[in-house]
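Colleague: Could you take me through this entry? I would like to begin with the ligand.

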Amino acid sequence: MAYAYDDQNIFAKILRGEIPNSTVLETEHALAFHDIRPHAPVHVLVIPKGPYVNWDHFAAEASDAEIGDFTRAVAKVCAYLGLTPGEDGMGYRLLANSGPHSHQEVPHLHVHILAGRPLGPMLVQPG
Ligand code: 5GP
């Protein structure tokens with residue numbers, strides 16, 4: 001499978017420092033920053049620094065070091081924000097849209113961390 005990465009997407013521009021962001025945490029292979037249009041009191045995006053379109057692309061082509069660092073970065077953000085369940089946090093929801101049916105808007109892999117209130121059922125049914 002060949003993945004076409006568009007290096008003009010908004011998150012690529014954030015990674016290059018061309019667009020500002022509100023950084024929560026940075027690791028060797030990942031950057032976490034606040035979503036510009038939050039859907040919950042806590043809404044943070046975690047992105048790999050490498051050029052990956054979506055989860056499938058990342059799983060297929062990222063190195064073990066990138067995958068390990070990115071996975072741990074998500075948990076580090078949750079711990080940093082006091083969300084970790086079992087450690088006095090009230091938990092969180094992770095969401096990674098991949099492809100047209102998911103309504104993915106930005107073609108650079110990102111995991112949404114949503115928290116800060118009861119989030120309700122997973123999906124709202126259409127109509
Ligand atoms: P998607 O629908 O692709 O899963 O989510 C893309 C997310 O990126 C949206 O929640 C949107 O608010 C966020 N977003 C889009 N442009 C920017 C931006 O320039 N800065 C930040 N921080 N978030 C953005």
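Colleague: What lies 2.8 Å from an oxygen atom of the ligand?

Modeller: That is a polar side-chain atom of Asn-97. Please bear in mind that this is a predicted model.

Colleague: And how much of the ligand does the protein bury?

Modeller: The protein buries 90% of the 520 Å² that the ligand exposes when taken alone.

Colleague: Which residues come nearest to the ligand?

Modeller: There are 16 residues around the ligand, and those that come nearest are Asp-35, Asn-97, Glu-105, His-110 and His-112.

Colleague: What about the space that the ligand takes?

Modeller: That space is the largest pocket. Two elements give two or more residues to the shell around the ligand, namely α1 (10–15) and β2 (30–34).

Colleague: Which of the elements gives the most?

Modeller: The helix α1 does, with three residues in the shell.

Colleague: Changing topic, how many helices and strands does the protein have?

Modeller: It has three helices and five strands. Along the sequence they follow the pattern α-β-β-β-α-α-β-β.

Colleague: And why would one call the radius of gyration consistent with a compact globule?

Modeller: Because a compact globule of 127 residues would have a radius of gyration near 14 Å, and the 15 Å of the protein agrees with that. Along the principal axes, the C-alpha atoms fill a box of roughly 40 × 40 × 30 Å.

Notes:
Residues are numbered from 1 along each chain as its sequence is written. This is a predicted model: local features need pLDDT of at least 70, side-chain atom pairs count only at pLDDT 80 or more; totals for chains, interfaces and linings use all residues. Side-chain values use heavy atoms; hydrogens and water are left out. A residue is near a molecule or strand if one of its heavy atoms lies within 4 Å of it. A polar contact is a pair of N or O atoms within 3.5 Å; within protein, one must be able to donate a hydrogen and the other to accept it, and residues adjacent in sequence count only if both atoms are side-chain atoms. Accessible areas come from the Shrake-Rupley method with a 1.4 Å probe; for residues, only the protein chains shown count as cover. On a 1 Å grid over the protein atoms alone, a cavity is a set of points where a 1.4 Å probe fits but cannot get out, and a pocket is an open set with protein on both sides within 12 Å along at least five of seven lines; lining residues have an atom within 4 Å of a point. A molecule sits in a cavity or pocket if more than half of its atoms lie within 2 Å of its grid points. Helices (H or I, at least four residues) and strands (E, at least two) are DSSP runs, numbered from the N terminus. The radius of gyration is taken over C-alpha atoms; the globule rule is 2.2 Å times the number of residues to the power 0.38.
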